[in-house]
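Open the model in your viewer and keep the selection panel at hand. Each stop below says what to select and what is there.

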Amino acid sequence: MDEALRAADRGGSGGTIVLKRTRQKHPRSPLGIIRWVIGMNTQYRQYEVNHLPWAPFDWDYIGGELRLGKVVFRPLSDDALQGIDQQIADYLRLYFSRYRDLYNNPVNTITVCHYDPKHRGLLEPMTDDQRADFAAAVDVLTFCCIWGELREALNRGWRLLPPPNAETLECRAHRFSPDVLADPPMVTLVTHGLMHTEQVDKIFFQMPLPAHHRGKIQPNLELLELLNQVFNDSFDPQLRERLLRSLRWFRVAHRQAQALDAEIQIVEICTALEVLLNLPEHGKRKTFVQKVEQWITATEGEEDVVRVEESANQQRSSLTTKAGLWAQNFYKLRNAIVHEGIQSDELLYYPAVDAHDQPSQVSQLSVASLVYGSMLIQKVDEATGYLHSAVRAAVDAPAEERESMNQLYKRSEWGVRGCLERLGWVRPFVYTTEKIQSLRERWTELDKELGGVLSSEQIIAERQAKRTQPKIGGSMKE
Amino acid sequence: MKVYVLDASAWVKRYKNESGSNSIDALFQALEQGEVESCLLPVIYYEMFWNTQKFIRAANDPTNRSLLKYSPRELQRVLESDSRHMTQVKDLLDSQGLLDEIDGEVLDLLQQYPIGSNDALILAYLRRLQERLALQGRQLVFVCSDDDLKKAVRAYLTGCAVKDSKIDQLP
């Protein structure tokens, strides 16, 4: 072990990950200064493993790993620990086995993440700048998971499982030095700024209740790819800074989603919107309403947007979009929460309709998050002129067809038309039989290519497989 | 007045060109214009939803991307839009307490007959719906292209009209 570490220190990899100390510039943050001073005084090598302990990603769906900017996310596995010194790998296995779910079973949701895919430095401590990039990548990933699920749920008009929240995607850093690997392996915990050391096999890291997520998270990979553009060097740095700052607020707004902080979450998501839209110092509410109105008319078309009468005072009234009216009331709600407090929790909900046009209620946090996400995506899309991956693959298609494909695909990946219909902000699209007949031609053609996935024969065959012999009709008659 | 219940084996013809598609279209056109009524059984909606999702997933699979010239997700919205023409069977039966003990009937059916759990749920729902409609002097029409299920419905629910869009004209 020592030999391996010494070899690593000299920069020789010898099949292991290079474990050299990163030369850091003087840190800016107080935490960075403390780490820097500790590092200077002790001369200890520090390892650092960043991980998301509770995020149940569906890795079969995602593939082996996720990359956002220069950050790599991978499931904890032997493969992820390959190439690491055996003693460190064993220590990490033991350490991660202490993460427990609600039933005190070891979790199988640990995602390890590290900076810079080039050196795949799972153990390498990050510089302050790297840490900032890393935090931004986690914010983007959190947004994709939460917003994607929210959009799907609102689109469908029902939700089968509780949504993920910021706790589900909580990111932790475990810092340790080689001396904790000794028998018995130890872990240093920091609580309220004080450090104390425990034997690893004597403690458990229990899953916080809000982090518990039934089911698997399948992030929208196309959306991740779009947002990945924000990390490109060619992306406007000022816009990037603003978008990432707003994404931080989005994540903060989705913490403790099941707790009693619903009022504060409204203020936080409103701050995310303010940052995203770069609202001016004065006239914030008016500008916010204008931006929401511009967004909905631009994305859904003037004629489809629902307008309502807005009374400015007893003499005057004018027509405004229903979305604009929401924006106005939402900002008032935010101000009331900050300054006076609100009298009724009912104000925290917004009327909608479910999948069967029955009245339902959606939290204001969800409505604001939906609007926030759609506007964020619109900004990134506009800034990058994003081409959907399927369009990029269709190199032989004529330019005109590629353009319409691009619009259609992007709408299907992150369009919010169905959600807006449920909120009553746009008129429901009516599918006439003529329109469906024309769509049916396409679906039939596609189904033929797919080998007959959608057909009455298929449905009947699947049912037959569940029936026991003899055939049911005959049996019933007997 | 007749009240139609569509089975998934017939409903799917709305989205895939098959023998009987025109008849299903005619039924939906009559529904759109309020000329006839229809009820939606949850288990049938789930089956349709599952089948459409399967289609959307297969179409979105990266290996099939080259086949796509438009978004297959629209199918889900069309399915939802079509389902809005139908009355939720729960809304009709729940308030009357007619859904109580439906689980017991499903288990009995599964014990007695070699049928699948979805078949049993459909039969149990249909029986209660038929009773409710009979009180209002209305007739239940089950539209289905699954021959075995048609036989089962005829055997279990005497008096329930069973039609197949492949053979019968609708509505």
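**Before you start.** This is a predicted model: local features need pLDDT of at least 70, side-chain atom pairs count only at pLDDT 80 or more, and totals for chains, interfaces and linings use all residues. Residues are numbered from 1 along each chain as its sequence is written, while chains are lettered from A and ligands numbered from 1 in the order in which they are written.

**Stop 1: chain A.** Select chain A and colour by secondary structure. You get 17 helices and 13 strands. Both are DSSP runs numbered from the N terminus: helices are H or I with at least four residues, strands are E with at least two. Of the 478 residues in chain A, 35% are buried. Buried means 20 or more other C-beta atoms within 10 Å of the residue's own; exposed means 12 or fewer, and partly exposed lies in between, with C-beta atoms placed from the backbone.

**Stop 2: strand S5 of chain A.** Select residues 111-115 of chain A. Here 5 of the 5 residues of S5(A) are buried. Show side chains. In a regular strand they alternate between the two faces of the sheet. A:Thr111, A:Cys113 and A:Tyr115 point one way from S5(A), and A:Val112 and A:His114 the other way.

S3(A) pairs with S5(A) in the antiparallel sense over 5 bridges; pairing requires at least two DSSP bridges. Look for A:Arg74 opposite A:Val112. A:Asn50 stands opposite A:Cys113.

**Stop 3: where chain A touches chain B.** How many residues does each chain bring to the contact? Chain A gives 42 and chain B gives 49. Two residues are in contact if their C-beta atoms, placed from the backbone, lie within 7 Å. On the chain A side, select helices H12 (389-393), H13 (399-414), H15 (433-450), H16 (456-466) and H17 (472-477); each gives two or more residues. H15(A) gives the most, with 12 residues.

**Stop 4: B:Cys160.** Select B:Cys160, in the loop between helix H8 (147-156) and strand S5 (161-163) of chain B. Is B:Cys160 buried or partly exposed? B:Cys160 counts as partly exposed because 18 C-beta neighbours lie inside 10 Å. Beyond four places in sequence, its contacts are B:Leu126, B:Gln130, B:Leu140, B:Phe142 and B:Val153. Draw a C-alpha to C-alpha distance to B:Leu140: 5.7 Å, across 20 residues in sequence.
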